[in-house]
Amino acid sequence: MRMFSAVMSEAECNAIRAYYRDESVRARIREFCGGSPFTCEYMVGSGEALVRQGYQRPLRLTHEAGLGGLMDEALDIYRAVWDTEATLAIWDVEYYNLDSWTDLYRNQLHYFGLMEPVYDAIERFFDSYGIPHISDTTASGYHFVSRIPFSSPVHRRLEGIGKPERSLLEKYATLPGGDNKRRRPVPGRDANGYSAIGRL
């Protein structure tokens, strides 16, 4: 039994492929993935082409060399939060209403208008502290992403407040079989950085 069904036309898939062929788009993706070479540990593609190929969960994991293939298949591309040079701090702000699960998708302009003051307040907050960041829009809200280099004094302060649980550190120290996302153990520096961001 399939979890997903194909819903996009070939013309829609071709429009996504054309979007990815734009060199400005490719440059921005490279920048978001850490430059050249990429500093993100891996990427994931998801979408229509994988549904058509019969994937039960339409996800494909790859590393930098496989990015072109994800683009050629018109997949949505996600970068790993895990980075070889920095800790990523991500604020995920979404509209969420238990009384009305689908209204957001029926009238996105209205609901994004309701979120606009929150978006503006977060932008002002980051700017007031001089925190470099990018923001992106999702189907239901925003991500605000900052990159804190391991070499920075700010990261050393983060490492001092990070307190990952022992059981998590034990998992980070192992390489589970069949997990091609992790090709190396997660260093303690990374673990402390992510723990601190979670606490903040």
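**Group meeting: salt bridges, rings and a core**

Hi everyone, let me start with arginine 60, which is partly exposed, with a relative accessible area of 22%. Please keep in mind that this is a predicted model. Arginine 60 has a salt-bridge partner, glutamate 73, and their closest N and O atoms are 2.1 Å apart. What does this pair link? Distant parts of the chain: arginine 60 belongs to strand β2 (residues 59–62), while glutamate 73 is in the loop between α4 and β3 (76–79), 13 residues apart. Glutamate 73 itself is buried, since its relative accessible area is 18% and the cut-off for buried is under 20%.

How many salt bridges does a search of the whole structure find? The count is 12. Another one joins arginine 52 to glutamate 48, at 3.5 Å from N to O. Here both partners lie in helix α3, four residues apart, which is about one turn of the helix. Glutamate 48 counts as buried because its relative accessibility is 7%, whereas arginine 52, at 37%, counts as partly exposed. These two also belong to a salt-bridge network with Glu10 and Arg17.

Now to arginine 79, which has two contacts to show you. Its salt bridge is with aspartate 83, with 2.9 Å between the closest N and O atoms, and both of these residues are buried. The charged end of arginine 79 also sits over the ring of phenylalanine 32, 6.0 Å from the ring's centre. A further case is arginine 189, found over the face of phenylalanine 150 at 3.7 Å from the ring centre.

On to the aromatics, then. The whole structure has 11 aromatic pairs. In one of them, tyrosine 142 and phenylalanine 144, the ring centres are 6.3 Å apart and the planes meet at 45 degrees, so we call the pair tilted. Both tyrosine 142 and phenylalanine 144 are buried. They are part of one aromatic cluster whose members include Trp91, Phe125 and Tyr129. Those three residues also make a nonpolar surface patch of about 350 Å².

In soluble globular proteins, nonpolar side chains tend to be buried together. The largest core in this model has 13 residues, and Ile29, Cys33, Phe38, Met43 and Leu67 touch the most other members. Which elements give two or more residues to this core? They are α2 (23–32), α3 (48–52) and α4 (67–72), with α4 providing the largest share, three residues.

How values were computed. Residues numbered from 1 in each chain as written. Predicted model: local features only at pLDDT ≥ 70, side-chain atom pairs only at ≥ 80, totals over all residues. Heavy atoms only, no water. Patch = residues over 30% accessible without salt bridge, like charges linked within 9 Å, V, L, I, M, F, W, Y side chains within 5 Å. Areas by Shrake-Rupley, 256 points an atom, 1.4 Å probe, with all protein chains shown as cover. Salt bridge = Lys/Arg side-chain N within 4 Å of Asp/Glu carboxyl O. Phe/Tyr/Trp six-rings, centres within 6.5 Å; stacked < 30°, edge-to-face > 60°. Buried < 20%, exposed > 50% of the residue type's maximum accessible area, 1.4 Å probe, protein only. Lys NZ or Arg CZ within 6 Å of the ring centre and 35° of its normal. Core = buried A, V, L, I, M, F, W, Y, C linked by side-chain atoms within 4.5 Å.
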